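Please read the following account alongside the model.

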Amino acid sequence: QVQLEESGGGLVQAGGSLRLSCAASGSIFSIYFMGWYRQAPGKQRELVAIIANDGTTNYGDSVKGRFTISRDNAKNTVYLQMNSLKPEDTAVYYCHTIVASAPLETNTYWGQGSQVTVSS
């Protein structure tokens, strides 16, 4: 089993910044992807950003140029730096990871969710 511990959500004014962190622990042989998704009320969960273990990144169109994802492989931790926040960024942000607990044993895990609220 793998546990994900998220931190860093909160309330910020439009134009402000927040940083989310997500640390993975438990039975980890290798982490392939770590990333963030978000879900606003009444909307589907959408990709925010993901990062592969080689550092390759992918961003949702709505956050490109404003958000930056990074990871510390030694700490099994992924970060999401969110700048120039807009009210439409308000959502619950979920950490997501694809982990191999052993060779050929791969599973997907989700964090508990972190509320990010951007006031206008």
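**The disulfide and the sheet around it**

The torsion about the S-S bond of Cys22 and Cys95 is about -85°, so the disulfide is left-handed. The two sulfur atoms lie 2.0 Å apart, where a disulfide is a pair of cysteine sulfur atoms within 2.5 Å. The pair links distant parts of the chain, Cys22 in strand E3 (residues 18–26) and Cys95 in strand E9 (residues 91–102), 73 residues apart. Strands (E, at least two residues) are DSSP runs, numbered from the N terminus. Cys22 is buried at a relative accessible area of 0%, and Cys95 is buried, also with 0%; buried means under 20% relative accessible area, exposed over 50%, partly exposed in between (1.4 Å probe, protein chains only).

This is a predicted model, in which local features need pLDDT of at least 70 and side-chain atom pairs count only at pLDDT 80 or more, while totals for chains, interfaces and linings use all residues. Residues are numbered from 1 along each chain as its sequence is written, and side-chain values use heavy atoms, with hydrogens and water left out.

Strand E3 belongs to an open sheet of 4 strands with antiparallel pairing, in the order E1-E3-E8-E7. Two strands pair if DSSP finds at least two bridges between them. Strands E1 (2–7) and E7 (67–72) stand at the edges with a single partner strand each, so one side of each has no neighbour in the sheet. E7 is joined to E8 (residues 77–82) by 6 bridges, and Ile69 has Leu80 as its bridge partner in E8.

Asn76 lies in the loop between E7 and E8. At 23% relative accessibility, Asn76 counts as partly exposed. Its contacts (heavy atoms within 4.5 Å) include Cys22, not counting residues up to four places away in sequence.
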